[in-house]
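Thank you for making time this morning. I would like to walk you through one model, beginning with a single residue and then widening the view to the whole chain.

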Amino acid sequence: MQRKNFTEVTEFIFLGFSVFGKHQITLFVVFLTIYIITLTGNVVIVTIIRVDHHLHTPMYFFLSMLASSETVYTLVSVPRMLSGLLFHNQPISLAGCASQMFFFVLLATNNCFLLTAMGYDRYVAICNPLRYTVLMSKAVCVMLVSGSFGTGLVMAVLHVAAMFSLPFCGTVVEHFFCDIYPVMKLSCIDTTVNEMINYGVSSFVILIPVSLIFISYVFIISTILKIASTEGRKKAFATCASHLTVVIVHYGCASIAYLKSKSEDSAEQDVLLSVTYTIITPLL
């Protein structure tokens, strides 16, 4: 069918957390508190790393890049989510929705590959300490960060171009931001091609970094177990524990949200999972 046969949709309305009814004010307070802590933590991390010259190392360079990326990442969705908890049925224009989805995909992908770069950094530091300064030179670090951002940019352009070439009939997004699947469900036509694109991109963005991180940690754990002293093993693993925690939470929830079959689709489950990787993971 031709686009002209459909009523043109110019804006969307988020369903958000309306199913929680009177508990929305409580959720607003909880999410606002977490958001403030997250922003404060990220600002403190970036500031300390910039001020303290002892922290001008690859590990802290990646950490500052991740903190900066996570700050902008939360700005994309959380403020509007908080606003929706107080003022219901706030519309967002089609262009606004496309922009939000673009930056969400860009920064989410960037974060995934930054976590991968951090895993590689820990692998080199623990498994090849004598070659660390050579393998993790400033040029290599910049290249890894640029590659993460560039990959995110390509994925974002691909997603948004495919999504907003569709005609839309529905206006109510069963989510608190313009995520891929909830917006796709509003299309008037068959979205099989878009679903294939989304599954392909999601598989690339999730499975490749997870595989690389898994390989890194196989070598890391193998090396740690060979350390003679218990104190040495604890110290080596302590540098990886926080990174590994974020990786498990981030990729675990993202995999469930974006790699599940359509038959398992649940708006409530999607919202709860999205809360985890848009609010909880940045806090960690």
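**Starting from one residue**

If we leave aside neighbours within four places in sequence, Ile 224 is in contact with Ile 126, Arg 233, Ala 236 and Phe 237, where contact means heavy atoms within 4.5 Å. Before I go on, please keep in mind that this is a predicted model, in which local features need pLDDT of at least 70, side-chain atom pairs count only at pLDDT 80 or more, and totals for chains, interfaces and linings use all residues. Residues are numbered from 1 along each chain as its sequence is written, and side-chain values use heavy atoms, with hydrogens and water left out.

Ile 224 is found in helix α7, residues 192-225; helices here are DSSP runs of H or I with at least four residues, strands are E runs of at least two, and both are numbered from the N terminus. With a relative accessible area of 6%, Ile 224 is buried, a word I use for under 20% relative accessible area, while exposed is over 50% and partly exposed is in between, with a 1.4 Å probe and protein chains only. How far apart in sequence and in space are Ile 224 and Ile 126? They are separated by 98 residues along the sequence, and their C-alpha atoms are 7.7 Å apart.

Helix α1, residues 24-51, has 28 residues and reaches 40 Å from its first C-alpha to its last, close to the 40 Å expected. Its buried residues include Phe 28, Phe 31, Tyr 35 and Asn 42. Gln 24 also lies in α1 and is buried, with a relative accessible area of 8%; apart from its neighbours within four places in sequence, Gln 24 is in contact with Phe 17, Ser 18, Gly 84, Leu 85 and His 88.

**Two further residues**

In helix α9, residues 267-283, we find Thr 276, which counts as buried at 18% relative accessibility. Not counting residues up to four places away in sequence, Thr 276 touches Val 249, Cys 253, Thr 281 and Pro 282. Val 142, in helix α5, residues 138-163, counts as partly exposed at 39% relative accessibility.

**The whole chain**

Stepping back, the protein chain has 9 helices and 3 strands, and along the sequence they follow the pattern β-α-α-β-α-α-α-β-α-α-α-α. Its radius of gyration is 21 Å, close to the 19 Å that the globule rule gives for 284 residues, so the chain is as compact as a globular protein of that length; the radius is taken over C-alpha atoms, and the rule is 2.2 Å times the number of residues to the power 0.38. Along its principal axes, the C-alpha trace spans about 70 × 40 × 35 Å.

Of the 284 residues, 44% count as buried.

Technical notes. Expected span 1.5 Å × (residues − 1).
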